[in-house]
Amino acid sequence: MSTLEAAQNSVEEKGLNPNKLVSTEWLAEHLNDENLVLIESNEDPLLYSQGHIPGAYEVDWTRDLNDPLRRDYLQVEAFSALLSRIGYTPNSTVVLYGDKNNWWATYALWVFELFGVTNTRILDGGRIKWQKDGRAFTREIPTAKNSGFTATNRDDATVRAFRDDVLKHIEKNGKLIDVRSPEEFNGTRLHMEAYPNEGALRGGHIPGAKSVPWAKAVNPEDGTFKSIDELKALYEGEAGLDSGSETVVYCRIGERSSHTWFVLKYLLGYGNVRNYDGSWTEWGNLVGVPIER
Amino acid sequence: MAIPAKLQEHIETLAMFPDRQERIDMLIGMGEEYKNFSPSDVVRDESCKVPGCESEVFLATEPLGEGLRYKFAVDNPQGISAMALAQILDTGLSGAPLSEVAQVPEEIVFDIFGRELSMGKSLGLTNMVKMVKAVAQASR
C-alpha cells in the first residue's frame, strides 16, 4: 500500500466514500498537487485571516455564495468569477473545509453542486481536526492565475427543493428529515436555543418529517464524520430512510441541512436527496401550509 | 448616553479602516493581545457562561475604578472573534462608571465586526455585550 493510499485509511476504515471525503493525512500529502484547489469556508469571519491550511482560498458564505439583494444564490456570472479567481479548471479537485464541523464547507459544496461542479471533497474533521493533529496554519494568502473558467447555468432541480416541491413531496408521503433541534422540531421553540427568532410565525415541523439534528452525524471531539455503520443506524435504523427513496432535508435557512444532505448523498450514497433551503423561515411563515407538532 | 471613552476610541479606530481585510487584521491583532484567564480567576460555571456563544465564554468581574473589571474566559482556541471582543470590552469598559456601561448599545458588535456576520456569530458576540451590561446594571 502506498503512502497516499494509507493516508486515506481513517476514511476508508470508517467505510466512508474516499472520493468525497479526505483525511487530514491525505490532504497533508497532497497539498502541493497541481490540480488541488483548497477552500476554507467558515462562520467566523476572522478565522481564515488568522491562519489557514497552506494554499487555501477563502470562500465567504455571506459575500461569495449569496445574491446580494434577493434571497437566492449567486448567478452563473458571479460563480464563474469566483472559481476563476481561485484558479479552478475542469481538471481541478476541490477540497473544502471549515469551522463548526464543516457546516459552512458542506454548504459551499452544495452551492458548487448547483452549478454542476461535483469534483469536490470535504476534509474530514475540517479546521478542528487539522489543528488537533498539530498541523501548520499560515497567513499567506495564495494568488491564482485567473483561470477564465465559465460555469454552466445553475440547476435548481436536482439537489435543491422549493416549497411547491415540498408540498408535492408530502402529498405522496415522501421522506423528510428535519435537522433542527428537537425543541424547534416539536414547536416549543421557533429558533435555535439562545438565537433570536428569525421571523417564523409558527412552530413545529413539516408533516411526516423525522427529527435528526445535523450534528449527530459528527464525532464531537474532532469534528470527523461517524462511521458508515453509525450513520446507517442513525438515518436508516432510527429515521427509517432508505437509499432508494426521494428525500428532502431542511433546517432554518438551509445551511445546517446542507451538512445532512452531504451525509445522505455522498456518505450513504442516496440517489435522490434535495435540500429545501427555504426551510423553516419560509415554511413557518407560509399561509395555509400544513404543520405538525 | 455616551459610550465610555475608551470603548468609543476602539470603535473610532476601527472605523478608520473601511476596508474589510484591514479591519479583520486589526481585530485579529486585538484577539491575539487577549490572554485567557485561569479557572481560579474566572470560574467556568453555567451561571457566568455567556449564552449562545459557541466559543464557551465565561465572565467574571472585580471592582476597578468607578466600576468593574470585566474578565472574559475564552477556552476555544479557534474563538478568535470572541477573544477580540473580550479584549475590546475589557480594555474599553473596565473601570468605567456602571451607569455608562449599562447603557452601551448592543449594536456596537456590528460597529466592530461589520454586518457580515451569521445569525449565530452575531448572537454570541452580542450576548457578550448584553452580559456585561446586565452585570453593570445589577451592580449599580
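Biologist: In what sense do strand β1 (residues 57-64) of chain B and strand β2 (residues 67-74) of chain B pair, and over how many bridges?

Modeller: Strands of a sheet pair through backbone hydrogen bonds, either parallel or antiparallel. In this predicted model, local features need pLDDT of at least 70 and side-chain atom pairs count only at pLDDT 80 or more, while totals for chains, interfaces and linings use all residues. Residues are numbered from 1 along each chain as its sequence is written, chains are lettered from A and ligands numbered from 1 in the order in which they are written, and side-chain values use heavy atoms, with hydrogens and water left out. Helices (H or I, at least four residues) and strands (E, at least two) are DSSP runs, numbered from the N terminus, and two strands pair if DSSP finds at least two bridges between them. Here β1(B) and β2(B) pair in the antiparallel sense, over eight bridges. Within this pairing, P63(B) has L68(B) as its bridge partner in β2(B), and the hairpin has two residues between the strands, with G65(B) taking a positive phi near 55 degrees.

Biologist: What is the order of the strands in the open sheet of chain A?

Modeller: The order of its five strands is β1-β5-β4-β2-β3, with parallel pairing. The edge strands, each of which pairs on one side only, are β1 (21-22) and β3 (57-58) of chain A. As one example of a pairing, β2 (residues 36-40) and β4 (residues 93-97) of chain A run parallel over five bridges, and E40(A) has Y97(A) as its bridge partner in β4(A).

Biologist: At what angle do helix α2 (residues 20-33) and helix α3 (residues 80-93) of chain B pack?

Modeller: To read such an angle, one uses axes that are lines fitted to C-alpha atoms, for helices over the stretch in contact, and angles that run from 0 to 180 degrees between N-to-C directions. Angles under 35 degrees count as roughly parallel, over 145 as roughly antiparallel, 65 to 115 as roughly perpendicular and the rest as oblique. The angle between α2(B) and α3(B) is about 75 degrees, with the axes 7 Å apart, and the two helices are therefore roughly perpendicular to each other. In their contact (heavy atoms within 4.5 Å), L27(B), I28(B), M30(B), G31(B), E32(B) and E33(B) of α2(B) meet I80(B), M83(B), A84(B), Q87(B) and I88(B) of α3(B).

Biologist: How do the residues of the contact of α2(B) with α3(B) divide?

Modeller: Ala, Val, Leu, Ile, Met, Phe, Trp, Tyr, Cys and Pro count as nonpolar, Asp, Glu, Lys and Arg as charged, and the others, Gly among them, as polar. On that scheme the contact of α2(B) with α3(B) has seven nonpolar, two polar and two charged residues.

Biologist: How are helix α1 (residues 5-15) of chain B and α3(B) placed?

Modeller: Their axes come within 6 Å and cross at roughly 135 degrees, and α1(B) and α3(B) are therefore oblique to each other. From α1(B), K6(B), L7(B), H10(B) and L14(B) meet I88(B), T91(B), G92(B) and L93(B) of α3(B).

Biologist: How many salt bridges does the structure hold over all chains, and which parts does the pair of E113(A) and K265(A) tie together?

Modeller: A salt bridge is a side-chain nitrogen of Lys or Arg within 4 Å of a carboxyl oxygen of Asp or Glu, and the structure holds 31 of them over all chains. One of them joins the side chains of E113(A) and K265(A), at 3.9 Å from N to O. E113(A) lies in helix α7 (residues 103-114) and K265(A) in helix α12 (residues 256-267) of chain A, so the pair ties together parts that are 152 residues apart in sequence. Buried means under 20% relative accessible area, exposed over 50%, and partly exposed in between (1.4 Å probe, protein chains only). E113(A), at 10% relative accessibility, counts as buried, and K265(A), at 18%, counts as buried too.

Biologist: Which salt bridge joins two chains?

Modeller: One such pair is R139(A) and E32(B), whose side chains meet at 2.1 Å, N to O. R139(A) lies in the loop between α8 (126-132) and β6 (160-161) of chain A and E32(B) in helix α2 of chain B, so the pair joins two chains. R139(A) is partly exposed, with a relative accessible area of 45%, and E32(B) is partly exposed as well, with 43%.
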